[in-house]
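Please keep the sequence and the model in view while reading.

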Amino acid sequence: MNTFLRSRYNRYNLIAGGLLLIIGFVWIYPFLWVLFASFKTSSEMFSAGAKLLPETWDFGNFYRAWTKANFNIYFFNTLLYAASATAIELVKSSMCGYVLGRYRFPGRTLILGLITATLFIPIAAIILPQFQLVRSLGLLNTRPGVILALSGGAGALYVLLFTGFFQPLPDELFESARLDGANFVQTFRLMLPLAKPIIATVVIFQFMRTWNEFNIPLVFTLGRPELRNMAVGMYAFRGEYSVDWTGFAAGTTMSIIPVLIVFFIFQGYFVRGLSGAVKQ
Amino acid sequence: MTAQMTTPQKRKLSRAEKRKRKKTAVPYSKRVRGKDYFWVYLFLSPFLILYLGFTVWPLIATVIYSFFEWDGIKPLEDFIGLGNFFTIAQDPLFWLAFRNTLMFAVINTMIKIPLSLLAAIFLTRKWLWGKRFFRTIFFAPLVLPVAMAGLIFSLLLHPANGAINDILVSLHIVSKPIDFLGDERLALLSLIFVSVWQIFGQYMIYWMAALQNVPEDLYEAAELDGANEWKKLIYVTLPVIKPVAVIIIFLAFVNALRVFGLVVTMTGGGPGFQTYVVPYFIYTQALVDFPFRYGYASAAAVLFGVTVLMAVMIQGYFVRRSDENPN
């Protein structure tokens with residue numbers, strides 16, 4: 001037997017790796033199908049069946065989606081919504097989680113209980129009251145309105161993650177900061193960088209969620225198509241352009257590739273952040 | 001009355017105190033002093049204001065609307081008390097949707113939880129090559145908006161020229177194409193599979209996080225005792241992650257109850273009413289079927305939400321009790 005196969009783990013890898021490649025291919029097949037469909041002509045897309053590779057590579061779908069179907073505007077909107085909602089989410093949940101984890105004060109148990117309880121309620125009919133709230137603020141059909149709605153509803157889980165992180169930090173840490181003369185805000189700014197894994201988790205989760213959010217942008221931008229994000233814009237592809245499926249595929253490809261890259265790069269932080277959180 | 005009110009609180013307090021005493025003595029530094037009170041409540045306020053506006057208020061508003069005959073547009077005037085609830089108790093479509101939703105959530109959870117745990121165990125093995133690559137593959141469907149996943153699968157599952165039927169027929173697994181979404185028995189099952197595919201990565205990540213907290217020396221000790229991989233899983237991994245597992249399973253179940261986007265884009269509740277689910281029922285009652293019945297839809301949401309919350313709390317109670325008195 002050669003040296004390569006003598007190692008138990010190398011043998012494991014050959015079996016597991018082969019198996020994972022097959023399962024992974026089946027798993028990713030719908031993605032590949034969309035990816036390649038975005039290079040096909042629409043007649044080929046419907047006649048090709050399961051075949052992946054296009055006969056002729058057609059880049060017109062991307063061009064059409066980007067310019068004619070306003071994907072350039074949608075892309076900008078999506079980026080703006082996702083970035084601002086993530087930033088707001090990070091600021092408010094880290095502040096709230098820090099205080100909940102660090103201090104004991106009247107109302108703390110109530111707040112924690114409320115946050116935990118709402119995690120387990122299947123919220124089905126919540127969007128109309130949200131809609132009315134944004135409308136009464138005069139922010140309907142505006143970008144700030146969408147951002148507000150996107151960052152308003154989420155966050156309960158993130159607060160719990162931050163609370164769980166700050167709670168078990170040793171008292172000496174805070175005590176030494178106090179002895180150094182750091183005030184409340186300065187102490188917070190000293191401690192926040194310690195929560196890097198949680199920050200990464202919140203950024204990835206919230207960025208992905210808002211990047212793909214469908215319901216909120218749909219309902220909050222009904223009157224102004226130029227405020228749509230890509231998910232809603234893609235859905236509208238069906239109506240306005242008499243079901244341009246290959247354009248739809250090109251749009252889907254454009255909108256998911258950036259998020260996949262973010263995940264591929266940051267997945268290590270992601271898992272570490274969550275595991276730090278579930279320890280509690 | 002007061003005695004009843006204070007007993008549960010007292011019990012909770014004493015449990016919290018026990019926990020505190022076990023960890024440290026009185027946490028002096030955790031007390032808020034002087035003008036720090038101002039900062040504490042200032043730090044809480046951004047989250048709390050948005051939370052009250054976008055989560056708590058909508059929940060309360062839904063309860064209020066449920067007592068009115070209301071189309072969502074006119075002023076809120078026709079108070080009818082429990083009228084909506086009486087009507088809904090006799091609405092066969094609601095109960096069909098209720099049954100479908102529960103079936104969807106239960107089967108969905110039963111499939112995705114063990115599978116994602118298995119994937120997480122595999123993809124956290126130290127010896128495995130290409131972990132990042134495979135993780136990204138299983139995670140990928142999650143970056144697809146649910147509505148887009150639904151549209152893509154309605155193409156892939158199409159009986160006339162869909163890719164999946166093309167594969168099944170050419171491999172001679174079936175003799176003629178299957179109408180996955182048009183068949184009364186298959187439609188809900190198809191939705192379940194698409195939903196598992198779509199959400200799988202999220203639970204895989206949760207499990208991977210849970211697995212990271214199993215101390216390495218436990219495995220080493222088990223190995224010294226001659227345990228194989230399977231025994232390590234049964235006797236080391238699963239008992240250690242059990243408390244987190246309970247939370248993950250509950251979250252999985254409750255999230256599955258929110259199924260909506262797939263139904264809208266893939267079946268529209270059909271064929272017949274075989275894939276009608278409660279969120280879809282609420283949506284059509286409130287915003288699609290004319291005349292709009294927003295009050296009625298709110299009553300459906302309240303009834304459904306309360307039922308689920310109670311089920312979760314009862315299960316949670318039993319799980320906790322079995323934790324506190326083993327055997």
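The points below cover chain A, the contact between the chains, and two helices of chain B.

The model is a predicted one. In it, 74 residues of chain B are in contact with 68 residues of chain A. Chain A contains 15 helices and zero strands.

**Chain A: overall form**

- With 15 helices and zero strands in chain A, its radius of gyration comes to 24 Å, well over the 19 Å that the globule rule gives for 280 residues, so the chain is more spread out than a compact globule.
- Taken along the principal axes, the C-alpha atoms of chain A fill a box of roughly 75 × 70 × 35 Å.
- Of the 280 residues of chain A, 42% count as buried.
- Among contacts in chain A with a separation of 6 or more, 75% involve residues 24 or more positions apart.

**Chain A: domains**

- The domain assignment divides out domain 1 (3-37) and domain 2 (69-278) in chain A.
- The C-alpha centres of domain 1 of chain A and domain 2 of chain A are 33 Å apart.

**Where chain B touches chain A**

- The contact joins 74 residues of chain B to 68 residues of chain A.
- On the side of chain B that touches chain A, at least two residues each come from helix 2 (36-65), helix 5 (131-139), helix 6 (146-156), helix 7 (163-170), helix 8 (187-211), helix 10 (229-256), helix 12 (278-288) and helix 13 (294-324) of chain B.
- Helix 2 of chain B gives the most to this side, with 16 residues.
- By residue type, the side of chain B that touches chain A divides into 54 nonpolar, 13 polar and seven charged residues.

**Helix 2 of chain B**

- At 1.5 Å a residue, the 30 residues of helix 2 of chain B should span 44 Å, and the 40 Å between its end C-alpha atoms agrees with this.
- Helix 2 of chain B has a kink of about 45° at B:S45, shortly before the proline B:P46.
- The buried residues in helix 2 of chain B include B:V40, B:F43, B:L44, B:F47, B:L50, B:Y51 and B:F54.
- Further along helix 2 of chain B, B:T55, B:P58, B:T62 and B:Y65 are buried too.
- In general, an α-helix has 3.6 residues a turn, so residues three or four places apart point the same way.

**Helix 12 of chain B**

- Eight of the 11 residues of helix 12 of chain B are buried, so this helix is largely enclosed by the rest of the structure.
- The buried residues in helix 12 of chain B are B:V278, B:P279, B:Y280, B:F281, B:I282, B:Y283, B:Q285 and B:A286.

How values were computed
Residues numbered from 1 in each chain as written. Chains lettered and ligands numbered in written order. Predicted model: local features only at pLDDT ≥ 70, side-chain atom pairs only at ≥ 80, totals over all residues. Contact = placed C-beta atoms within 7 Å. Helix = DSSP H or I, 4+ residues; strand = E, 2+ residues; numbered from the N terminus. Nonpolar A, V, L, I, M, F, W, Y, C, P; charged D, E, K, R; others polar. Expected span 1.5 Å × (residues − 1). Bend = angle between axes of the 7 residues up to and from the residue. Buried ≥ 20, exposed ≤ 12 C-beta atoms within 10 Å, placed from the backbone. Rg over C-alpha atoms; globule rule 2.2 N^0.38 Å. Domains from an automatic or database assignment.
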